[in-house]
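Subject: Structure handover

Hi,

Here is the structure I promised to pass on to you. Have a look at it first, and then read on for what turned up.

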Amino acid sequence: MNVVVCVKQIPDPAIPGQLDPQTHFMKREGKLILDDSDAYGVEMALQLCTAAGGGEVTLVSMAPNNETSGLRTALAMGAAKAILVSDDSLAGSDALSTAKVLAKAIERAGEYDLVLAATESTDGYTGFVPEAIAALLGLPSVTFAKSINIEGGTVHVQRQTEAGYDEVTSPLPAVVSVTAGVVEPRYPSFKGIMAAKNKPVDTLTVSDLGLSGVGGAAAGQEITAVDPAPARQAGEIVTDEGEGHLKIVQFLETQKVI
Amino acid sequence: MDLSLTDDQQAFRDTARGWVEKTVVPNAAEWDRTEVMDRDIVRQLGEMGFLGATLPEELGGTPCDYISYVLLMEELGRGDNSVRGIVSVSLGLVTKSIVSHGTDEQKQQWVPRLASGEILGCFGLTEPGNGSDPGGLTTKAVRDGDDWLLSGQKLFITNGNWAGLALIFARTGGPGPRGITAFLVDPSTPGFSARPVHGKLGLRAQDTAELFLDDVRVPDRQRLGDEGKGFGIAMAALAKGRMSVAASAVGTAQAALDASLRFALERNQFGKPIASYQLVQEMLSDMSVDTDAARLMVWRAADLCERGEPFEIAASKAKYYASEVAVRVANNAIQVHGGYGFIDEYPVGKYLRDARVLTLYEGTSQIQKLIIGRDLTGINAFN
């Protein structure tokens, strides 16, 4: 059971991010960390390998400046190796370029049964890349997985919906996007951290992948403006005149909580 | 001079911090109330590699530098000093003593099991009649063929009931430090018993024990180091141990400061957050400066140790200062919290109770001052 996990390395969300005033892109010069939403995919992949009795997890990532800090975290969790695509020409890539790059990198990962990705990144939120990768690789795509089981050559997915979940099956290999919070990502042990230093990270450029027509110059989307999020509206105060509980139930129903 | 952390040091700290936040912090208050800690914590400490930090890989450890070690201790101390004490004693005092002074056979027999958390070690030095003066200890070891028979009593022994290995210091020769020898004792040996110490002011969840040895038979091959060299082994362990106590004191101070900041920004009096009042800001500033200064002293001691330079005086200074800071900062944290600091719904009362022992064990503040004074003046006040 070999699993490829797409992981993004992002600026630390705990440190206020900065946008380039000209391009409106997020500045990514400093140290990057593993996107929290990808830690679930890594954990899921490690658990699937354990359940299958063997196999390995390969990471693929695209990041500037040969950045590997976030990859080292995922390697310390237990992934076996990583492929990093780092190329100045990729600055300003749109989601389709990112998908093309990652898809090509996945082809370099050797034999695999499954590709996992987060449903969306914490700093970009396009929610587009996993499905585009599936299309580019010619593989089935299953989205919003809250649980994954492998039986033979088939993946069984519980797919999160607003009302509950769908049960979806797909032949392998497939690309599955994983929702946040579905598994508890492990903390890397001290041994894992030390072992990660010696795990292979294959760093490639766009030309290494034999790709063209990707990166900032080829971007088909443009960020024209960035505006602050609207201020939070004041809440509604309801006076309980004996029917407060019904109003609470009604409200929760409109929010699809119950 | 570069005080920034390396990637490895940051990774170790982040892993320790994340684990403490998830595993320790949510349970610390309940463990403290009930005086019972979940024993599975030992397995997890082993699994995370905390019980093997700085040890050689071939003995099941994770080699890392002393800065990483004190960062780990700070994070554990920030979460719960009862948990930190498990690691300080088992790893810092017992396992490292075996690595430094043990035979190959002793290392192979004990270190991998200690590093993995399969067993814990306890450090049997203090006795009911000998705390600051361990050179006067009275537990006896009498030669009997190829064995020794150990008899005596030990008190305030962290991990004493849980331990699968006891490092016991006993008198094999004449009076004074030169008559002391160290032994590795299996607590399941007939004649060895342990009794929990309850009713502690702080570290209430930590296993603290009274040990009783009644003709406990220990093979000579389990003697650690040469006859008469036990006191030196104990002092060497405690010198490094002081760095870990100091680091955990920094963690406690940081936790008290963090809790106070949160509270001061949320708590409104006279129509605005109490953090906006100058007298509260003064307390918070003092707490922050104290904590930073203590941390830098710990890092200096760890850096000296890592580079193989004499670190013992720096460790004593750090231990003395940081433990007093932990008490002072935790005390101020209660003042910032007002009445809420006096109930256990908030953690600051526990921080003060736990901090209080830090100025006592592994050398009281007064003992540290005498060590520092001896170094300054060349005059030994212990004589």
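Let me start with a term: a nonpolar core is a set of buried Ala, Val, Leu, Ile, Met, Phe, Trp, Tyr and Cys residues joined through side-chain atoms within 4.5 Å. Buried means under 20% relative accessible area, exposed means over 50%, and partly exposed is in between (1.4 Å probe, protein chains only). Please keep in mind that this is a predicted model, in which local features need pLDDT of at least 70 and side-chain atom pairs count only at pLDDT 80 or more, while totals for chains, interfaces and linings use all residues; side-chain values use heavy atoms, with hydrogens and water left out. Residues are numbered from 1 along each chain as its sequence is written, and chains are lettered from A and ligands numbered from 1 in the order in which they are written.

The cores

The largest nonpolar core has 142 residues, and those touching the most other members are L59(A), L116(A), I148(A), L45(B), L76(B), F123(B) and F169(B). Helix α6 of chain B (residues 230-266) gives this core its largest share, 18 residues. Helices (H or I, at least four residues) and strands (E, at least two) are DSSP runs, numbered from the N terminus. A second, separate core holds 30 residues, including I83(A), A132(A), A134(A) and L211(A).

Which residues does L59(A) meet beyond its neighbours within four places in sequence? Its contacts (heavy atoms within 4.5 Å) include V5(A), V7(A), V42(A), L71(A) and I83(A).

Chain A

Chain A contains six helices and 11 strands. Its C-alpha atoms fill a box of roughly 70 × 50 × 40 Å along the principal axes. The radius of gyration, taken over C-alpha atoms, is compared with a globule rule of 2.2 Å times the number of residues to the power 0.38. For 258 residues a compact globule would come out near 18 Å, and the 20 Å of chain A agrees with that. Of these 258 residues, 40% count as buried. Among contacts in chain A with a separation of 6 or more, 73% join residues 24 or more positions apart.

Chain B

Chain B is assigned domain 1 (7-119), domain 2 (122-228) and domain 3 (232-377), with bounds from an automatic or database domain assignment. The C-alpha centres of domain 1 and domain 3 of chain B lie 21 Å apart, and their contact takes 20 residues from domain 1 and 30 residues from domain 3.

Two threonines sit in helix α1 of chain B (residues 7-34): T23(B) and T34(B). Is each one buried or exposed? T23(B) counts as buried because its relative accessibility is 9%, whereas T34(B), at 38%, counts as partly exposed. Leaving out residues up to four places away in sequence, T23(B) touches W31(B), I41(B) and Q44(B).

Finally, the 29 residues of helix α7 of chain B (residues 278-306) should span 42 Å, and its end C-alpha atoms are 41 Å apart, which agrees. After α7(B) comes G308(B), with a positive phi near 75 degrees.

Happy exploring!

Key:
Expected span 1.5 Å × (residues − 1).
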